[in-house]
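Please look through the sequence and the structure below before reading on. The report that follows describes how the parts of the chain are arranged.

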Amino acid sequence: MFEKTKIAVTIPVFNEESHIKDVIKAIPDYVDYIVIIDDFSTDGTFNKLLRINDDRVFILRHKKNQGVGKSTIDGHLFGVFLGADIL
């Protein structure tokens, strides 16, 4: 929490197996929610996401590739659902 506000970060991903872990580690502790939308990656991204041990992480997965715009919208909507004040 930062100044009494809950913060959610949305991360749309597609085939980011080699980078996603470092991206998540770089997110500051004051971020309350990390919403990751796997846009139907064809590499090992989804399996790598499932092994991340961070209580702030929420993983959504599209059943087919829908693009970065739809992934971003879905992540923001989920952040609202979680009660975030800032997206």
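## A buried serine and its surroundings

S71 counts as buried because its relative accessibility is 0%, where buried means under 20% relative accessible area, exposed means over 50%, and partly exposed lies in between, with a 1.4 Å probe and protein chains only. The model is predicted, so local features need pLDDT of at least 70 and side-chain atom pairs count only at pLDDT 80 or more, while totals for chains, interfaces and linings use all residues. Residues are numbered from 1 along each chain as its sequence is written, and side-chain values use heavy atoms, with hydrogens and water left out.

S71 lies in helix α3; helices (H or I, at least four residues) and strands (E, at least two) are DSSP runs, numbered from the N terminus. Leaving aside neighbours within four places in sequence, S71 is in contact (heavy atoms within 4.5 Å) with T10, P12, I37, D39 and H62. Helix α3, residues 67-82, lies across β1, β2 and β3 and runs at about 150° to β1, where axes are lines fitted to C-alpha atoms, for helices over the stretch in contact, and angles run from 0 to 180 degrees between N-to-C directions.

## The sheet

Three strands form an open sheet in the order β1-β2-β3, with parallel pairing; two strands pair if DSSP finds at least two bridges between them. The edge strands, each pairing on one side only, are β1 and β3 (57-61). Neighbouring strands of this sheet are turned against each other by 20° on average, direction ignored. The two pairings can be set side by side.

| Strands | Bridges | Direction | Residues opposite each other |
|---|---|---|---|
| β1 and β2 | six bridges | parallel | V9 and I34 |
| β2 and β3 | five bridges | parallel | V35 and F58 |

Six of the six residues of β2 are buried, so this strand is largely enclosed by the rest of the structure. Both of its faces are covered, with Y33, V35 and I37 buried on one side and I34, I36 and D38 buried on the other. From β1 the chain crosses through α1 to β2, and this β-α-β crossover is right-handed, which means that, with the strands pointing away from the viewer, the path from the first strand over the helix to the second runs clockwise. A right-handed β-α-β unit is also made by β2, helix α2 (residues 45-50) and β3.

## The nonpolar cores

A nonpolar core is a set of buried Ala, Val, Leu, Ile, Met, Phe, Trp, Tyr and Cys residues joined through side-chain atoms within 4.5 Å. The largest one has eleven residues, including I7, V13, I24, L49 and V57. Two or more residues of this core come from each of β1 (8-13), α1 (20-25) and β2 (33-38). Apart from it lies another core of six residues, among them A8, Y33, V35 and L82.

## The aromatic rings

The structure holds three aromatic pairs; rings of Phe, Tyr and Trp (its six-membered ring) pair if their centres lie within 6.5 Å, and planes under 30 degrees apart count as stacked, over 60 as edge-to-face and the rest as tilted. F58 and F78 form a tilted pair, 5.8 Å centre to centre with 55° between the planes, and this pair links distant parts of the chain, since F58 is in strand β3 and F78 in helix α3, 20 residues apart. The rings of F78 and F81 have centres 5.6 Å apart and planes at 35°, so this pair is tilted. F58 counts as partly exposed at 26% relative accessibility, whereas F81 is exposed, with a relative accessible area of 66%. Ring pairs link Y33, F58, F78 and F81 into a cluster.
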